[in-house]
Amino acid sequence: MLHHVSLEIAPDDVERTSEFFDILGFERIPAPDSIAPFVTWLEARTTQIHLIHTPEPTTPTLGHPAVVASAFESAVARLRDAGFQVEDADELWGERRSFGILPSGQRVEVMAAPPPSRG
């Protein structure tokens, strides 16, 4: 089980990034007091995303987290309506998917369904 993904986010982009993930069903949860001034934790069911506030965030060219959006069409429409850039992607396993761009430049894959399990 993958518990969380950490993303470096510019401090000025934390609120807008939180809005992006809120649209995908994530809610803010408390981080430990000792690190709370420097991070924002988000959670959907048992998966967390930890936003690390840093003035010069790393923006990978290809690496990205992927989120399954049960109401894919609606989620993508809401992201676009909120002003986020969303790029359509090829259906690699017969399901729709797109890439949303976070304010700090990172890509997040939004999937209608995950690839079929091989095990």
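**Group meeting: a walk through a predicted protein model**

Read along the sequence, the protein chain follows the pattern β-α-β-β-β-β-α-β-β-β. The radius of gyration of the chain is 14 Å, close to the 14 Å that the globule rule gives for 119 residues, so the chain is as compact as a globular protein of that length. That radius is taken over C-alpha atoms, and the globule rule is 2.2 Å times the number of residues to the power 0.38.

Before I continue, please note that this is a predicted model, in which local features need pLDDT of at least 70, side-chain atom pairs count only at pLDDT 80 or more, and totals for chains, interfaces and linings use all residues. Residues are numbered from 1 along each chain as its sequence is written, and side-chain values use heavy atoms, with hydrogens and water left out.

In total, the chain has 2 helices and 8 strands. Here helices (H or I, at least four residues) and strands (E, at least two) are DSSP runs, numbered from the N terminus. The C-alpha trace spans about 45 × 35 × 25 Å along its principal axes. Of the 119 residues, 38% count as buried; buried means under 20% relative accessible area, exposed over 50%, and partly exposed in between, with a 1.4 Å probe and protein chains only.

Let us turn to helix H1, residues 14-23. Which of its residues are buried? They are Val14, Thr17, Ser18, Phe20, Phe21 and Ile23. For Ser18, the relative accessibility is 8%. Leaving aside neighbours within four places in sequence, Ser18 is in contact (heavy atoms within 4.5 Å) with Arg28, Thr40, Leu42 and Leu51. After H1 comes Gly25, whose phi is positive, near 100 degrees.

Next, strand S3, which holds Trp41. Trp41 counts as buried because its relative accessibility is 17%. With neighbours within four places again set aside, the contacts of Trp41 include Ile29, Pro30, Ile35 and His50. With His50 there is also a polar contact between the two side chains, at 3.5 Å. A polar contact is a pair of N or O atoms within 3.5 Å; within protein, one must be able to donate a hydrogen and the other to accept it, and residues adjacent in sequence count only if both atoms are side-chain atoms. The C-alpha atoms of Trp41 and Ala31, 10 residues apart along the chain, are separated by 5.9 Å.

The loop between strand S3 (39-44) and strand S4 (47-53) contains Arg45. Most residues other than glycine have a negative phi. Arg45, although not a glycine, has a positive phi of about 55 degrees. Is Arg45 buried or exposed? It is exposed, because its relative accessible area is 75%.

Leu2 sits in the segment before strand S1 (4-9), and at 61% relative accessibility Leu2 is also exposed. Its C-alpha atom is 7.3 Å from that of Thr47, which is 45 residues away along the chain.

Ser98 is buried, because its relative accessible area is 0%. The side chain of Ser98 makes a polar contact with the side chain of Asp88, at 3.4 Å. Beyond the neighbours within four places, Ser98 is in contact with residues including Phe72, Val76, Val86 and Val110.

Finally, contacts across the chain as a whole. Among those with a separation of 6 or more, residues 24 or more positions apart account for 53%.
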